[in-house]
Amino acid sequence: MDRKGILIVISGFSGAGKGTLVKGLMSRYTNYAFSISATTRKPRAGEENGVEYFFKTREEFMNMIDNNKLIEYAQYVGNFYGTPKEYVDSQLDSGKDVILEIEIQGALKVKEKFPDTLLLFVTPPNATVLKQRLVGRGTEDFETIQCRLRRATQEAEGIEQYDYLIVNDDLDECIVHTHNIIQGEHSRASRNISKIEQIREELKSF
Ligand SMILES: Nc1ncnc2c1ncn2[C@@H]1O[C@H](COP(=O)(O)OP(=O)(O)OP(=O)(O)O)[C@@H](O)[C@H]1O
Ligand SMILES: Nc1nc2c(ncn2[C@@H]2O[C@H](COP(=O)(O)O)[C@@H](O)[C@H]2O)c(=O)[nH]1
């Protein structure tokens, strides 16, 4: 049986450190592919088209939806975000583990379409640290920060639907811990495959 990559969703409150964690995983380990989302959000200072996101007009984004180019999409604090399908399919087929850094509504849609998806939720050690990180990043105005914190309150209601909660306190520890969880998922998947193959073989003798 062909071994394919695992689809991994990383969600978490705005400012929890998802992007920082993903960059750490990508730079330290080689078997991850990061799915670059499409968004109608304006780029932050330093963000480049095709690196952090594919920045789209609303019309372009709607065309992507109409042409079935997205695995999932959602609205988040006034903007659209979505996962382009083609890249994810090709990377999974080539055996890479594909990381989607997406919010909770999209995460649940992905899980519905691909039940083997590993759902990880990243949290800071506490809410004070969350606010400090979000404010300290200096990329959003006061009103947007308030909207994102209110959104975090809603998102907290859905955490139980995730497979693992990952506390991002010490960044290095968080990167290694997340990698170990993903490797554990690989071992579990191959044990299941071996078992299924063994049972199929045994059934042939009846
Ligand atoms: N473990 C950590 N310790 C200290 N600071 C951190 C840690 N992880 C992330 N940060 C900092 O917190 C801020 C928010 O991190 P990041 O941008 O990765 O969050 P995010 O979850 O991707 O947020 P968003 O969803 O809004 O894009 C950044 O300034 C980052 O450098
Ligand atoms: N459902 C999706 N959510 C996504 C996608 N790409 C990013 N996101 C999430 O949006 C918020 C805001 O991101 P930001 O870059 O503006 O801070 C955050 O929770 C991201 O994880 C996507 O393709 N689909």
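Good morning. I begin with ligand 1, whose shell divides into two nonpolar, eight polar and three charged residues. In this classification Ala, Val, Leu, Ile, Met, Phe, Trp, Tyr, Cys and Pro count as nonpolar, Asp, Glu, Lys and Arg as charged, and the others, Gly among them, as polar.

Two remarks on conventions. This is a predicted model, in which local features need pLDDT of at least 70 and side-chain atom pairs count only at pLDDT 80 or more, while totals for chains, interfaces and linings use all residues. Residues are numbered from 1 along each chain as its sequence is written, chains are lettered from A, and ligands are numbered from 1 in the order in which they are written.

Which residues come nearest to ligand 1? Of the 13 around it, they are S14, G17, G19, T20 and R133; a residue is near a molecule if its C-beta atom, placed from the backbone, lies within 6 Å of it. The elements that give two or more residues to this shell are α1 and α5 (127-137). Helices here are DSSP runs of H or I with at least four residues, strands are runs of E with at least two, and both are numbered from the N terminus.

The UniProt record, an unreviewed entry, lists G12, F13, S14, G15, A16, G17, K18 and G19 under "binding site". UniProt positions follow the numbering used here, feature names are shortened, and annotations may be inferred rather than shown by experiment.

G15 is found in the loop between β1 (7-12) and α1 (18-28). Is G15 buried or exposed? It is buried, because 23 other C-beta atoms lie within 10 Å; the term requires 20 or more, exposed means 12 or fewer, partly exposed lies in between, and C-beta atoms are placed from the backbone. Leaving aside neighbours within four places in sequence, G15 is in contact with L130, R133, L134 and R137, contact meaning C-beta atoms, placed from the backbone, within 7 Å. G19, by contrast, sits in helix α1 and counts as partly exposed, because it has 16 C-beta neighbours inside 10 Å.

I turn to strand β1. Six of its six residues are buried, so β1 is largely enclosed by the rest of the structure. In a regular strand the side chains alternate between the two faces of the sheet. For β1, both faces are covered: L7, V9 and S11 are buried on one side, and I8, I10 and G12 on the other.

What are the partners of β1? Four bridges join it in parallel to β7 (residues 97-101), where V9 is partnered by L100 and I10 by E101. Five bridges, also parallel, join β1 to β8 (residues 118-123), and there G12 has V122 as its bridge partner. Two strands pair if DSSP finds at least two bridges between them.

These strands belong to an open sheet of five, in the order β2-β7-β1-β8-β9, with parallel pairing. β2 (32-34) and β9 (164-167) stand at the edges with a single partner strand each, so one side of each has no neighbour in the sheet.

Finally, ligand 2. It is surrounded by 15 residues, the closest being S37, A74, Y81, I102 and G106. Two or more residues come from each of β5 (70-76), β6 (79-84) and α4 (104-113). By class, this shell has four nonpolar, six polar and five charged residues. Thank you.

Technical notes. Two residues are in contact if their C-beta atoms, placed from the backbone, lie within 7 Å.
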